[in-house]
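Thanks for asking me to look this one over. Below are my notes, point by point, for you to read with the model open beside you.

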Amino acid sequence: MRRHHSLSFTLQILLLFSASASLPGDEPPLPDPLVFNDGHRVETREDWQHRRNEIRDMLLSIEYGSMPLAPEKWNAVITSENEAFSGKAIDRRVTLTFGEGEKAFTMRAGFLIPDRPGKFAVVIKNDVAIGHVSIAERLIEQGYIVAEYVRTDLDPDESNITGPAQKAYPAEDWGTLAVWAWGGMRIIDYVMGLPQVNGEQIAVFGHSRGGKVALLTGALDDRIAVSLPNGSGAGGAALYRNQGPKAESLAAITDPARFGYWFSSMLRSFAGKEETLPFDQHFLRALVAPRAVFSTDARGDLWANPQGTQEACDAAASVYAFLGAPESANACHFRDGEHDETAEDWKAALRFMNDLFGK
Ligand code: GTR
């Protein structure tokens with residue numbers, strides 16, 4: 001399922017021999033996820049656990065900001081329950097409340113639950129509203145619970161507004177993407193308590209900024225079996241160093257007039273100096289290993305850097321191989337067309353999940 005560029009393949013070979021290998025052409029070398037910051041190589045699975053922590057800490061401190069643990073106090077209130085798809089599913093709306101007192105804050109979520117006996121996989125989507133999964137009925141038929149949450153309840157996606165989640169945790173320096181990823185983890189807390197859920201089959205999907213969130217959530221939360229970032233680009237599945245033509249750069253995305261607030265404030269200091277970043281986005285992908293990641297992108301979506309996404313996929317493969325995961329666990333898919341979340345993207349993700357879950 002994976003597709004190779006000859007250039008990317010060359011990159012992998014070079015990385016096998018040297019952590020500081022140079023690429024042909026003028027692309028900067030990529031840091032090696034299997035080499036610690038102090039230069040020693042990951043030799044054992046235990047080493048990888050340490051290296052994984054090192055990578056996670058770097059990504060949080062430099063790129064996304066620090067995040068709190070799950071709140072000790074939270075509750076879920078069902079606000080409505082209706083039949084959906086002519087009785088095939090129950091459409092349950094829930095308000096989750098985190099913390100208590102003045103700093104308590106809420107997040108709305110929707111769950112389409114197959115109305116038949118069984119344990120179902122769950123696919124979680126972050127968005128600005130509920131009801132945005134175009135193939136929801138098909139997912140229900142094929143044995144999935146569709147879980148959607150309103151990420152903007154936690155942080156409204158405005159540069160000059162501190163959202164309720166950030167207000168509740170003033171000690172954390174998390175940017176908006178991390179806040180939204182934290183929300184996805186809270187959905188997992190909730191679904192893990194539902195009798196209809198197969199907790200081994202949790203997937204996270206998101207598009208564009210939501211795709212960045214899906215990959216970050218999957219990288220940080222081991223309960224997730226598969227991460228499905230769609231059109232995620234910079235800050236998501238695409239490399240910062242290796243920019244295809246017209247791709248969004250680190251400088252462009254962290255511009256204070258654009259999306260600087262999505263990230264830790266430190267990230268912008270690497271704009272134009274990407275070669276000094278101690279990681280690139282293949283590290284985010286490598287954090288998911290040996291669990292599965294399937295990124296979906298469009299060849300015409302140059303701003304989201306499909307070329308840099310393929311290269312990140314290839315550059316994370318060494319970690320999947322090291323952990324003995326099947327090559328198919330780290331896959332990317334490209335369709336024709338532009339930046340969009342299409343039924344085709346979803347169907348590709350569904351095929352991938354069905355294969356993975358043996359459905
Ligand atoms: C763009 C941004 C992308 C992507 C997109 C979106 O303007 O540059 O990184 O996140 O917005 O989320 O729609």
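**Notes on the model**

1. Let me start with Ser86, which counts as exposed because its relative accessibility is 76%; exposed here means over 50% relative accessible area, buried under 20%, and partly exposed in between, with a 1.4 Å probe and protein chains only. Ser86 sits in the loop between strand S1 (74-84) and strand S2 (89-98). Helices (H or I, at least four residues) and strands (E, at least two) are DSSP runs, numbered from the N terminus. Though not a glycine, Ser86 has a positive phi of about 50°.

2. A word on the ground rules: this is a predicted model, in which local features need pLDDT of at least 70 and side-chain atom pairs count only at pLDDT 80 or more, while totals for chains, interfaces and linings use all residues. Residues are numbered from 1 along each chain as its sequence is written, and side-chain values use heavy atoms, with hydrogens and water left out.

3. Two other backbone features deserve a look. Most residues other than glycine have a negative phi, and most peptide bonds are trans. Asp157, also not a glycine, has a positive phi of about 70°, and the peptide bond that joins Ala289 and Pro290 is cis, with omega about 5°. Pro290 belongs to the loop between H8 and S8.

4. Asp157 lies in the loop between S5 and H4 and counts as buried because its relative accessibility is 15%. Glu158 is in the loop between strand S5 (144-150) and helix H4 (164-168); at 40% relative accessibility, Glu158 counts as partly exposed. Along the sequence Glu158 and Tyr261 are 103 residues apart, yet their C-alpha atoms are 8.0 Å apart in space.

5. Now the ligand. Which residues are around the ligand? They are Ser208, Arg209, Lys212, Glu248, Ile253, Arg258, Phe259, Trp262 and Trp303, where a residue counts if one of its heavy atoms lies within 4 Å of the molecule. By class, this shell has 4 nonpolar, 1 polar and 4 charged residues. In that scheme Ala, Val, Leu, Ile, Met, Phe, Trp, Tyr, Cys and Pro are nonpolar, Asp, Glu, Lys and Arg are charged, and the others, Gly among them, are polar.

6. Polar side-chain atoms also reach the ligand. A polar side-chain atom of Glu248 is 2.6 Å from a ligand oxygen atom. An N or O atom in the side chain of Lys212 is 2.8 Å from an oxygen atom of the ligand, and the side chain of Arg258 likewise has an N or O atom 2.8 Å from a ligand oxygen. Of the 310 Å² of accessible area that the ligand has on its own, the protein covers 79%; these areas come from the Shrake-Rupley method with a 1.4 Å probe.

7. On to the interior. In soluble globular proteins, nonpolar side chains tend to be buried together. The largest nonpolar core here has 104 residues, of which Val123, Leu139, Ile187 and Met353 touch the most other members. Such a core is a set of buried Ala, Val, Leu, Ile, Met, Phe, Trp, Tyr and Cys residues joined through side-chain atoms within 4.5 Å. Helix H5 (residues 176-191) gives the most to this core, with 11 residues.

8. Helix H8 (residues 281-288) is mostly covered, with 8 of its 8 residues buried. Those buried residues pack against several elements, including helix H2 (45-64), helix H6 (209-220) and helix H9 (306-322), where contact means heavy atoms within 4.5 Å.

9. Val319 lies in helix H9 and counts as buried because its relative accessibility is 0%. Leaving out residues up to four places away in sequence, Val319 touches Pro33, Leu34, Trp48, Ala286 and Ala289.

10. Asn305, in the loop between S8 and H9, is buried at 1% relative accessibility, and its side chain reaches the backbone nitrogen of Gly244 at 3.0 Å. Asp32, in the loop between helix H1 (6-17) and H2, is buried at 6% relative accessibility. A polar contact of 3.3 Å joins the side chains of Asp32 and Arg41; such a contact is a pair of N or O atoms within 3.5 Å, and within protein one must be able to donate a hydrogen and the other to accept it, while residues adjacent in sequence count only if both atoms are side-chain atoms.
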